[in-house]
Amino acid sequence: MANDTKVATGGAVEDDTAAAVDRNALTLEVDAGGTAWLTFDRPDSRANILTSGVMQRLDALLGEVEAGAQAGHIKALVITSAKPGMFIAGANIDEIAGITDPAEGEAGSRRGQAVFSRLDRLQLFTVAAVDGVCLGGGTELILACDYRIATDAPATKIGLPEIQLGIIPGFGGTTRLPRLVGLTAALPLILTGKTVTASKAYRMGLVDERVHPAILRERVRALLAEVAAGRRPQARKRPLLERITGSSLARGFVLSQARKQVLKETKGHYPAPLAALETLTRTESLPLDRALEEEARTLGRLVVTPVSKNLIHVFRLMEAAKKPVTPASPRDVAKVGVVGAGVMGGGIAQLLAYRGYAVRLKDIQSAALGHGLKTARELFDKVVKRGRLHRREAERMMAAISPTLDYSGFGTAELVIEAVVERMEVKKAVLRELEGQVTSGCVLTSNTSALSVTEMQGALERPEDFCGMHFFNPVNRMPLVEIVRGEQTSDEAIATVWAVTRKLDKTPVLVQDGPGFLVNRILAPYMNEAGWLLVDGASVESIDRALVAFGMPMGPMRLLDEVGLDVAHHVSGILHQAFGARMAPAPALEKLPATKRLGRKGGLGFYTYEGSREKAPDASMYAALGLPATRRDIPREVIQERCILVMINEAARVLEEGIVRGAGDVDLGLITGTGFPPFRGGLMRYADSLGAASVLEKLERYARDLGERFEPAPLVRARAAEGASFYGARPKRPVATVG
Ligand code: NAD
């Protein structure tokens, strides 16, 4: 950013050690007007990261600025980045992950705080000029400046995501943010890790100005000229609400309400937000330095917790999922055909339009088309209501979905997603028809939940251009898409579907074709075990409560109601046929069709419903399933253990068969597809925390007591014998990996 005469310091050093990268990650130039420009620009990287090396370098450069200020030749400091759309992405996750001693964590926090306090104390005017991503340590850095200008570019996102890694902002953020913007405005950022746009940051007083990226530099210069002329900008007045809630009494109320909310949302499974609230309560009336000490202590305590380590593990899985799975190049996709405008087709069409695709939506019934469009419109309305989209934009996107009863318009589609009824003959007929309508480069996909992708390929002349693209219901809320490779699917087709999935902002997991693919296959024994627990006398609510206490977003009985009792029964039949005795439906669940209940969508299942609201467990369901109405107590731990162990055991088979590339994919799939608790790091990470030997011992015991569905998978035996982890297991047949 600086021009004019470069007077000093911080030149690039040429060697490629990590230390040199850190050294070269920021430079200091002082212009003829006496402004020091501290510029972040990590070599060969898209992101600026605050590694400890970078923090040391920053400290040293701030020392130079301090000296320059004392000597009188530096008058102001501007902190900025040379990377468009990227200010600072945060601290180095690897370093955080490596901390195992609270004292080490606390010391690391203190070191970071010391650097930013040095910045805070500089006896000259300091400005942060932010364009793009400004997260974690980046936000903590700008909080220590006198003035903050952010660009209103869409890439500008400011926030403190530390809580999502199970820690609190520990470089001064927990302390400085509420002092700057007030407690009410600061809490959502600290407790949820959500980011804010420049406009929101401006409204809440987190930045002092927002400008167009093209004039950021100009505005900084103008500001510095004003300051040089003795017109230092006024601190912005806090919003009215903040001034009202500034009293200690009001703050106490705000903190206790926040605690209730956190407990409601996390059910006590996540220690960091509670620790953040305690720290804020303890430090609110302390001087800055003392408050920072408390902040560091809390950070030290949290950074070593298993929850933090697990959340960091999940974060890494998510990051890894962004990398393509095949070296093949994706084909360009701008126009997508969706066949079937039902529950899934309508949601998929809306998502595609929302992410910029032109969509042709086909059904055989005009009423279904009308319904699909209504679903899409309602979803757009929700986005508009949440303030994420302007009404005009939503209208424009809605207009990008064009309905049709024939295949007109499919000739120009580059991708088609089939979402018609779940019947093999219908799917094959539709796919065959489709192949005659699209051009040869078009990739065809099916949203099937349980039918064989390889078998569908048999109906096609270009099977290589076909794969599964399995969205989960509801499409707008469920992050997972299973991309299912059939025997003849090409890398190019996978790469194309992968790229579209990423553009839809979904998490793709590549799976090899096989009954139930990944998630439904592992969920089926879980729900079935709940059925066995019913047979053994447990009540519906005790089963659901036990699994919610384990951390699942809902219990298996409620999940059955959500999925639809007819659908669940159908899928379990397919899996029973494919895998034999271990997937035999529990006798109680076998009777589901006879109950004529459909679950939530029919207003009655294991629970009763009033409209869309769940009312209560329905006691008459026991009789309907041929079970006695009197229930008995089965310990919560037993319920949890049985339901989770059968999932681990099935996942071991999935790994062994090479359905996915490794335990990380199982965990990512279950977290994003079922809400498996992230604080446990995923199913196989949880299994590894128990240890394969312990998993084996429990499975053997249950197999003896309850039957062969607990018979340990060979991989469990092998990992136990080797004393090895599931994460260390390499699939025998790494079919899902390409290249
Ligand atoms: P749905 O019954 O709500 O919708 C199916 C639609 O397909 C209907 O509108 C029907 O008119 C239309 N259709 C039938 N034959 C057609 C044809 N030849 N050409 C065009 N349209 C045709 O079903 P859904 O729940 O949306 O499921 C669709 C697919 O998605 C199924 O394969 C299902 O297994 C899968 N899926 C469903 C869910 C879910 O929870 N509902 C989740 C994941 C995947």
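How many of the six residues of strand S18 (residues 480-485) are buried? Six of the six are, so the rest of the structure largely encloses S18. Buried here means under 20% relative accessible area, while exposed means over 50% and partly exposed lies in between, with a 1.4 Å probe and protein chains only.

A word on the model. It is predicted, so local features need pLDDT of at least 70 and side-chain atom pairs count only at pLDDT 80 or more, while totals for chains, interfaces and linings use all residues. Residues are numbered from 1 along each chain as its sequence is written, and side-chain values use heavy atoms, leaving out hydrogens and water.

Stay with S18. Leu480, Glu482 and Val484 point one way from the strand. Val481, Ile483 and Arg485 point the other way. Strands and helices are DSSP runs, numbered from the N terminus; a strand (E) has at least two residues, a helix (H or I) at least four.

Now look at the neighbours of S18. Two strands pair if DSSP finds at least two bridges between them. Strand S17 (residues 466-471) runs antiparallel to S18, and four bridges join them. Strand S19 (residues 507-512) runs parallel to S18, with six bridges.

Between S18 and S19 comes a helix. S18, helix H20 (residues 491-503) and S19 make a right-handed β-α-β unit. Right-handed means that, with the strands pointing away from the viewer, the path from the first strand over the helix to the second runs clockwise.

Next, the ligand. There are 23 residues around it, and Met344, Asp363, Glu422, Lys427 and Ser449 come nearest. A residue is near if one of its heavy atoms lies within 4 Å. Helix H15 (343-354), helix H18 (424-437) and S17 each supply at least two residues of this shell.

Polar contacts are pairs of N or O atoms within 3.5 Å; within protein, one must be able to donate a hydrogen and the other to accept it, and residues adjacent in sequence count only if both atoms are side-chain atoms. A polar backbone atom of Val343 is 3.0 Å from a ligand oxygen. A polar side-chain atom of Gln365 lies 3.4 Å from a ligand oxygen.

Finally, find Thr404 in strand S14 (residues 401-404). Thr404 is buried, with a relative accessible area of 5%. Its side chain reaches the backbone oxygen of Asp406 at 2.8 Å.
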